[in-house]
Amino acid sequence: MSIDENIKMLRDRLSRAAEKAGRDTKDITLIAVSKTKPNEMIREALDCGMVDFGENKPQELASKYSAFEGEDIRWHQIGTLQKNKVRHIVGKASLIHSVDSLSLAIEIDKRAKAIDIVQDILIQVNISGEESKSGVTPDELPALCREISELKGVSLKGLMTISVRDYSYDENKALFEKLYKLSKEIESLNINRVKMDELSMGMTNDFEAAIEAGATLIRVGTAIFGERSYNI
Ligand SMILES: *Cc1c(COP(=O)(O)O)cnc(C)c1O
């Protein structure tokens, strides 16, 4: 199947899931996860009207950013981010999904102020409690939101999570609903400068459950670009 056909099919699935959930497709942004994939494939997806692209590795994001500079693209840093890699992507990533510590947020804040921008970020939450997963625990979240709200070089827009491989539809939905509830709890704290408008959740195998649970950003790689030759 071509990328064009894949995207058409995916948009159909997205619409059906939105309809089932009683939601407007306009409120759900499809991010094409292009990690490990060549620029020619990104070009094809762009020609199909895709605007949002996700990458795991900061250097890969930066090099693809340069290759497509001037085009109508929003880049998303969705993979784990180390402090020493922050400089590669601040100002290039429209949204950094994977902030999981205050020290990382402080580094982003510093780099953003240095180039006089405000960097949009999400906090990654480890809902499943699996040790292999990055992200803060739900318990740590309120304090981290308060601390991040003090950093004027970043703007907190919401939360991100990754579900568990092999979960059923219902298990995924239950996990994503926990992130949704958490975002409402944070919202009710009315922390200055903290927004909970975005929920980044759902990938190729679980995005329908995520849409039902309130996802505003879904991150889909395999269903658009096919299998990756290595799994990152
Ligand atoms: C790779 C990746 C995705 C996309 O996964 P697919 O199963 O290929 O859709 C989404 N989110 C994150 C954080 C990823 O690392």
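Visitor: How far from an oxygen atom of the ligand does a polar side-chain atom of Arg 228 lie?

Guide: A polar contact is a pair of N or O atoms within 3.5 Å. Here the polar side-chain atom of Arg 228 is 2.8 Å from the ligand oxygen. The model is predicted, with local features needing pLDDT of at least 70, side-chain atom pairs pLDDT 80 or more, and totals for chains, interfaces and linings using all residues. Residues are numbered from 1 along each chain as its sequence is written, and side-chain values use heavy atoms, without hydrogens or water.

Visitor: What distances separate the ligand from side-chain N or O atoms of Lys 35 and Arg 219?

Guide: For Lys 35 the distance is 2.7 Å, to a ligand oxygen; for Arg 219 it is 2.8 Å, to a ligand nitrogen.

Visitor: Which pocket holds the ligand?

Guide: Rolling a probe the size of a water molecule over the atoms shows where empty space is left. A pocket is an open set of 1 Å grid points, computed over the protein atoms alone, where a 1.4 Å probe fits, with protein on both sides within 12 Å along at least five of seven lines. The ligand sits in the largest pocket (more than half of its atoms lie within 2 Å of the grid points).

Technical notes:
A polar contact is a pair of N or O atoms within 3.5 Å; within protein, one must be able to donate a hydrogen and the other to accept it, and residues adjacent in sequence count only if both atoms are side-chain atoms. On a 1 Å grid over the protein atoms alone, a cavity is a set of points where a 1.4 Å probe fits but cannot get out, and a pocket is an open set with protein on both sides within 12 Å along at least five of seven lines; lining residues have an atom within 4 Å of a point.
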